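Please look over the sequence and the structure below. A briefing follows, grouped by topic.

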Amino acid sequence: METSNTNEVKDVEQAPKRVAQQPKGKSHRKQAFYDLIAGYLFIGPMLILTTVLVIIPILLSGIISFSDWNFIAGLGGLEFIGFQNYMTLFQDESFHRSLMNNIIMIAVVPVTLFISVILAVLINKATYFKTFFKVIYFMPFISSFVAIALLWRVLYHPTNGPINGFLRSIGIENPPMWLADPSYSLLSVMIIMVWTSLGFNLVIYMAGLQSIPKDLYEAADVDGASLVRQFFNITLPMLSPTTFFLVITGVVGSFKVFDLIMVLTNGGPAGSTSVIVFYLYEVAFINLDSGYASAMGIILLLLILLITLIQWIGQKKWVNY
Amino acid sequence: MLTIRPDRVLVTLLMGAAGILFILPFLWMLSASFKPELDVMTYPIKWIPERWNAIENYTQVWAGAVPFALYYWNSIKVTLMSTAVSLIVSAMAAYGFSKVNFKGRDSFFLIVLATFMIPTQAILVPQFIMYRWIGLFDSHAGLVLLAASSVLGTFLLRQFFMGVHNEIIESARIDAAGHWTIFARIALPLVKPALATYMILRFIWTWNDYQNPLIFLRTDALFTLQLGIRKFADFSGEFYSLMMAGAVSAILPLLIIFIIGQKQVIEGVAMGSVKG
């Protein structure tokens, strides 16, 4: 579906050039001038908003990252210290731990992909009421992270929570303390992340499945290939662009998880669930260290740019069509 | 689809069981919100409450010490305004970027496209400082503008405007229609499904947003629902039945909108491959 869409888009893009080449007489120049004004009026509001609220701030972020500054103190307290903030980041234990947690959290992506591709294939091929299933798995995706975090905080309750109640009832005498135990807390957060992102991945996979030509399976049937072989030799390769897209959005998304951490654990216990965006928030708005927080923001941007770059290069290399 | 095959029925049943397991947390939440506090944490779980305390719980949420109704109203206000402003700004920009020919169009589009990669957390500090200077800090208008500055809608709608044939636009221009008329009378109605999709998505994202209200609001009377339930949860401490009643109240309106517009939401997500 996506490929046919882009083809159409290309056709449409070339059309205005053809139109523009046609001689239009005297009104042509007037028309072009009118189009120029109209064009800027149409994109104007968006352009102003992104310039003021995104482009100028990211440039400012870059400048502030080279300074030692507490924004409460006003511009007078601004002092440029070169790359000092970036050097400090390299030695900051809390930053390392947050970065490490972010890297561990990437494991959510393959787990979610694995479950969702299996669910997608099963729902697509072998069930009735497809819409019903889509709606069910999509529910956590549309719920607010605040409500989800409150809910799971109770579910994970170490002594009275229903999860540990269940675990005890099947004979596990000392179930984990989940969010209260530093060695289980990150895992607990990751379980919630899988739960919330499953629906999105499932829906994208189901759209991907729709675009696989049916005759591939028919041919495989004629050749007597088993369903399992069909899955590995047709479905998975044909879904590789979808998988690739989901890996990238998943990894980038995992770097931006803020609301969940903030309400669920506040980065704790003992910093075991702190991630870069959470640590950035703490430094910026609790420690009021604007320069240092901005440096962290720039590093985060560079990380995300790097992942996007890998996407650009990788799309050609790893997507086998 | 019409033929009933036993193997498909079996898989449907199995998948149905998996689906129910998947939404068990929500069912638990709903059930807990109806119970008296003492019954919430009992095990084995009583899915249907033995003693009902629903009215008391929800009264506590809605008419208790925390002005929940006010937070609700604030959320409705911010969400509706954000959705409207974002929709207008995005649709206009999308039309400009796809259907008006002018110098510099594509380079501007590239710049706007590039801002998509900037994580919101990386620009929080400058945004915060600027908002305090301009006087948008601690105001709903500030939140609305932040939501409207998202470029996602522009991309999504541009894709759809590209699909509108240029012949339609050219013939309208021969009839001496201006760009605004073409935009409002011809192009917009043609992309109605995409508008609906983006509208619902923007509604969901703004409604659920916690980060922006947390950073950009200070006055309690301006708090949105997400800040409100967090505050309510801190306030009610270990009263889980109340906490769950609050969470249900926060999720329910969205769930209703989602179920009404599920086709648009799911298709929109699949089509634009959009993530919030």
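A polar contact is a pair of N or O atoms within 3.5 Å; within protein, one must be able to donate a hydrogen and the other to accept it, and residues adjacent in sequence count only if both atoms are side-chain atoms. Between chain A and chain B, 14 residue pairs are in polar contact, both residues at pLDDT 80 or more. This is a predicted model, in which local features need pLDDT of at least 70 and side-chain atom pairs count only at pLDDT 80 or more, while totals for chains, interfaces and linings use all residues. Residues are numbered from 1 along each chain as its sequence is written, chains are lettered from A and ligands numbered from 1 in the order in which they are written, and side-chain values use heavy atoms, with hydrogens and water left out.

**Confidence**

- The pLDDT is the predictor's confidence in each residue, from 0 to 100; chain A averages 85, and 91% of its residues score at least 70.
- Residues 1–24 of chain A have a pLDDT below 50, and beyond near neighbours in sequence this stretch has 22 contacts in the model (contact means heavy atoms within 4.5 Å).
- Where pLDDT is low, the predicted coordinates should not be read in detail.

**The interface of chain A and chain B**

- The contact takes 105 residues from chain A and 101 residues from chain B.
- The two chains bury about 9,200 Å² between them, 77% of it on carbon and sulfur atoms; buried area is the accessible area (1.4 Å probe) that two parts lose on being put together, summed over both.
- One salt bridge is found across this interface, a salt bridge being a side-chain nitrogen of Lys or Arg within 4 Å of a carboxyl oxygen of Asp or Glu.
- That bridge joins Arg173(B) to Asp35(A), with the closest N and O atoms 2.9 Å apart.
- On the side of chain A that touches chain B, the largest share, 25 residues, comes from helix α2 (residues 27–64) of chain A; helices (H or I, at least four residues) are DSSP runs, numbered from the N terminus.

**A buried residue in chain B**

- Thr154(B) lies in helix α8 (residues 152–162) of chain B.
- Thr154(B) is buried, with a relative accessible area of 0%; buried means under 20%, exposed over 50%, and partly exposed in between (1.4 Å probe, protein chains only).
- Leaving aside neighbours within four places in sequence, the contacts of Thr154(B) are Met46(A), Ser90(B), Ala93(B), Ala94(B) and Phe97(B).

- Helix α14 (residues 276–285) of chain A is largely enclosed by the rest of the structure, because nine of its ten residues are buried.
- Among the buried residues of α14(A) are Ile276(A), Phe278(A) and Phe285(A).
- Most residues other than glycine have a negative phi.
- Asn266(A), in the loop between α13 (259–264) and α14 of chain A, has a positive phi near 55° and is partly exposed at 41%.
- Leu288(A), in the loop between α14 and α15 (290–318) of chain A, has a positive phi of about 55° and is partly exposed at 26%.

**Salt bridges within chain B**

- The whole structure has five salt bridges over all chains.
- Asp39(B) and Arg51(B) form one, at 2.7 Å between the closest N and O atoms; Asp39(B) is buried at 15%, whereas Arg51(B) is partly exposed at 46%.
- Lys231(B) and Asp220(B) also meet in a salt bridge (2.7 Å, N to O).

Key. Helices (H or I, at least four residues) and strands (E, at least two) are DSSP runs, numbered from the N terminus.
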